[in-house]
Amino acid sequence: MTRPFQVLGIQQIAIGGPDKLRLQKLWVDLFGLEVTGTFRSERENVDEDICSLGAGPLKVEVDLMQPLDPDRKPAVHATPLNHIGLWIDDLPKAVEWLTTQGVRFAPGGIRRGGSGFDICFVHPKASEEFPVGGEGVLIELVQAPPEVTRAFRALAGGAGPG
């Protein structure tokens with residue numbers, strides 16, 4: 001079974017809570033992460049601060065999220081470690097191939113995410129039609145920009161296509 005894409009590394013972790021100011025106290029004020037942007041979406045019921053850990057093309061995004069409405073879904077605060085994001089070298093190929101392997105994706109398909117990259121989500125739960133899910137973990141697949149792909153491949157000794 002030849003996989004037509006590569007998971008390059010961790011793109012982000014997303015941490016949810018009822019009040020992102022409490023999350024900022026630890027992650028920004030005490031750990032020193034830099035807030036690089038914000039993202040609000042009624043559709044995704046989220047108000048988040050986008051922070052960064054590390055530098056250059058290998059930096060990891062840390063999203064501090066609170067719900068716009070705590071009584072609505074998705075409940076971004078209900079699971080404190082909300083999701084993990086993985087850099088993918090070819091997102092459309094990955095989604096196409098993973099679908100043929102029975103992976104269940106969350107509604108919404110490939111779309112532009114809060115940080116400006118194309119994204120989609122592997123559903124945390126499998127279904128009868130799609131028997132492979134995240135086993136309780138929401139997984140975001142993120143299209144890696146060329147500089148991230150190059151950096152990861154250089155670290156791996158040039159392994160992989162492109």
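Modeller: Happy to, and let's begin at P74, which is found in the loop between β4 (60-66) and β5 (81-88). Bear in mind throughout that this is a predicted model. The peptide bond leading from K73 into P74 is cis, with omega near -5 degrees.

N45, in the loop between β2 (34-41) and β3 (46-53), has a positive phi of about 50 degrees although it is not a glycine. E135, in the loop between β7 (118-122) and β8 (138-143), also has a positive phi, near 50 degrees, and is likewise a residue other than glycine. What about their surroundings? N45 counts as buried because its relative accessibility is 0%, while E135, at 69%, counts as exposed.

The structure holds three aromatic pairs. One of them joins F5 and W97 edge-to-face, with 5.9 Å from centre to centre and 65 degrees between the planes. F5 belongs to the segment before β1 (7-16) and W97 to helix α2 (residues 91-100), so their pairing ties together parts that lie 92 residues apart in sequence. Both F5 and W97 are buried. W27 and F31 make another pair: their ring centres are 5.3 Å apart and their planes stand at 90 degrees, so this one is edge-to-face too. W27 is buried, with a relative accessible area of 19%, just within the under 20% cut-off.

Back at F5, R3 lies over the face of the ring, at 5.8 Å from its centre. Leaving aside neighbours within four places in sequence, F5 is in contact with I88, D89, D90, A94, W97 and L98. F5 is also a member of the largest nonpolar core, which has 11 residues in all, among them I88, L91, V103, C120 and L141. Both α2 and β7 supply at least two residues of this core, and α2 gives the most, with five. A second, separate core has nine residues, including I119, F121, V148 and F152.

Technical notes. Residues numbered from 1 in each chain as written. Predicted model: local features only at pLDDT ≥ 70, side-chain atom pairs only at ≥ 80, totals over all residues. Heavy atoms only, no water. Helix = DSSP H or I, 4+ residues; strand = E, 2+ residues; numbered from the N terminus. Buried < 20%, exposed > 50% of the residue type's maximum accessible area, 1.4 Å probe, protein only. Phe/Tyr/Trp six-rings, centres within 6.5 Å; stacked < 30°, edge-to-face > 60°. Lys NZ or Arg CZ within 6 Å of the ring centre and 35° of its normal. Core = buried A, V, L, I, M, F, W, Y, C linked by side-chain atoms within 4.5 Å. Contact = heavy atoms within 4.5 Å.
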